[in-house]
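The sequence and the model are shown below.

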Amino acid sequence: MRNSFFLIIMAGIICLTACGKQDNYETQSRSLFAMDTYMNITTYGENTESALNKAEEQIKELEKKWSVTNDKSEVYAVNHSGGSSVSVSKETADLLSFSLDISRITDGAFDPTIYPILTAWGFTESEYRIPSETELISLLKNTGYEKVKLSGNYITIPNEMQIDFGAVGKGYTGDLITETLKENGVTSALLDLGGNIQVIGSKPDGAKWRLGIRDPFEEGHFATLEVSDCAVVTSGGYERYFVGDDGETYWHIIDPKTGKPAHSGLITVTIVGEEGKLCDAFSTSIFVMGLDKAKKLWKQRDDFEMILVDENGKVYLTEGIKDSFFLNQMHENMQIEVIRR
Ligand code: ADP
Ligand code: MG
């Protein structure tokens with residue numbers, strides 16, 4: 001069962017290494033449990049063991065900094081600071097700075113201070129409940145990215161407020177370990193950080209990586225995406241949810257304006273781009289923002305592409321990705337609309 005992001009900390013890390021050959025290419029793969037999710041890194045090429053060790057070490061260090069529940073983490077120190085400034089590492093300051101930028105860009109659809117609301121819904125402990133309107137209104141008073149102060153490496157938040165990087169940390173981790181792997185000679189790799197995919201280069205034979213895009217309505221994949229050197233991140237309502245006594249489905253992506261699970265009409269959002277942290281942050285934000293705002297955001301920028309599916313099963317693709325996207329055989333009847341500049 002999934003607990004909160006990063007709930008299961010270092011103690012829970014399981015590590016496995018496997019070596020082998022695929023299509024005559026040397027492969028190594030490393031599996032671990034970190035940041036409350038299963039991660040797998042597969043490298044192609046010889047002598048990648050030490051690169052993998054460094055990447056694994058780095059993931060553990062980042063987890064130690066960003067865990068909400070580990071009382072030794074930097075995020076924990078910020079969340080229990082009683083309103084005073086806390087000095088953090090460069091990675092944490094960078095990630096917060098980036099998160100606050102995304103909050104501004106998305107007009108608050110992305111908000112790193114939403115954690116107490118997630119707790120109220122029971123998502124952090126998997127003990128689900130529906131909070132009352134009064135409870136939500138009172139909790140919302142202690143949220144709001146505008147109240148977070150970052151000055152150099154110092155973070156200050158009001159007492160009662162909490163930050164968490166659940167919607168962006170895995171993406172940033174992907175960027176940092178991609179850098180580490182490349183610096184250590186890896187030219188071809190597939191990183192799966194709990195569903196956040198990042199690929200280095202192409203497959204060793206030069207072909208693009210073929211990634212399955214999960215079907216939001218049933219098990220399996222509805223489409224295939226062919227990519228190289230990029231991140232592919234999906235946010236969906238079906239990832240973590242519960243059905244309340246009222247028969248409604250409640251999921252873990254919250255609209256910061258209401259404190260309730262976001263209902264924008266989109267059921268799954270996949271973002272493709274060079275930067276994992278950007279894809280991760282935008283996948284969550286666009287799930288909250290909905291189709292029209294997503295189109296506007298995409299038109300203003302040139303650093304990501306998107307695949308959206310709405311509640312009726314209609315697919316929206318941005319033009320930069322349309323030639324790399326293929327509906328799987330069983331799903332050939334899905335209606336597709338291409339979003340153009
Ligand atoms: P996952 O981590 O499940 O793959 P996401 O990247 O979409 O999916 O992140 C969901 C997590 O982000 C939630 O579990 C929660 O910690 C956090 N979160 C939920 N809603 C928001 C929001 N509006 N802004 C920022 N973070 C959010
Ligand atoms: Mg995200």
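Leaving aside neighbours within four places in sequence, with which residues is Phe304 in contact?

## The nonpolar cores

In this predicted model, Phe304 is in contact with Ile271, Val272, Gly273, Leu278, Phe282, Ile286, Leu297 and Trp298, once its neighbours within four places in sequence are set aside. Phe304 belongs to the largest nonpolar core, which has 67 residues. Ile286, Phe304, Met306 and Leu308 are the residues with the most contacts inside this core. Helix 7 supplies the largest share of the core, namely eight residues.

As a general background, nonpolar side chains in soluble globular proteins tend to be buried together.

## Packing of helix 7 against helix 8

Helix 7 also packs against helix 8 (residues 291-300), with an angle of about 135° and axes 7 Å apart. Helix 7 is therefore oblique to helix 8. On the side of helix 7, the contact is made by Phe282, Ile286 and Met289; on the side of helix 8, it is made by Leu291, Lys293, Ala294 and Leu297.

## The magnesium site

The magnesium ion (ligand 2) is coordinated at 2.1 to 2.6 Å by Ala167 (O), Asp280 (O), Asp280 (OD) and Thr284 (OG1). Along the chain, the donors follow the spacing A-x112-D-x3-T.

Asp280 and Thr284 both lie in helix 7 (residues 276-289); because they are four residues apart there, about one helical turn separates them. Asp280 counts as buried because its relative accessibility is 5%, and Thr284 counts as buried at 14%.

## Gln28 in strand 2

Gln28 is placed in strand 2 (residues 25-34). With a relative accessibility of 10%, Gln28 counts as buried. Its side chain is joined to that of Glu49 by a polar contact of 3.0 Å. Apart from neighbours within four places in sequence, the residues in contact with Gln28 are Ala18, Cys19, Ile41, Thr42, Thr43, Thr48, Glu49 and Leu52.

## Residues with positive phi

Asp36 is not a glycine, yet its phi is positive, near 60°. This residue is found in the loop between strand 2 and strand 3 (37-44). Asp36 is buried, its relative accessible area being 2%.

Glu160 likewise is not a glycine and has a positive phi, of about 80°. Glu160 is located in the loop that runs between strand 6 (154-156) and helix 6 (169-183). In contrast to the buried Asp36, Glu160 counts as exposed, at 55% relative accessibility.

The loop between strand 18 (315-318) and strand 19 (325-327) holds Glu319. With a relative accessible area of 28%, Glu319 is partly exposed.

Glu319 and Ile339 are 20 residues apart in sequence, while their C-alpha atoms are 5.9 Å apart in space. Setting aside neighbours within four places in sequence, Glu319 is in contact with Trp298, Glu305, Val338, Ile339, Arg340 and Arg341.

Methods:
Residues are numbered from 1 along each chain as its sequence is written. Chains are lettered from A and ligands numbered from 1 in the order in which they are written. This is a predicted model: local features need pLDDT of at least 70, side-chain atom pairs count only at pLDDT 80 or more; totals for chains, interfaces and linings use all residues. Side-chain values use heavy atoms; hydrogens and water are left out. Donors are N, O and S atoms within 2.8 Å of the metal (3.2 Å for Na, K and Ca); water is not among the atoms, so sites may look incomplete. Helices (H or I, at least four residues) and strands (E, at least two) are DSSP runs, numbered from the N terminus. Buried means under 20% relative accessible area, exposed over 50%, partly exposed in between (1.4 Å probe, protein chains only). A nonpolar core is a set of buried Ala, Val, Leu, Ile, Met, Phe, Trp, Tyr and Cys residues joined through side-chain atoms within 4.5 Å. Contact means heavy atoms within 4.5 Å. A polar contact is a pair of N or O atoms within 3.5 Å; within protein, one must be able to donate a hydrogen and the other to accept it, and residues adjacent in sequence count only if both atoms are side-chain atoms. Axes are lines fitted to C-alpha atoms, for helices over the stretch in contact, and angles run from 0 to 180 degrees between N-to-C directions. Angles under 35 degrees count as roughly parallel, over 145 as roughly antiparallel, 65 to 115 as roughly perpendicular and the rest as oblique.
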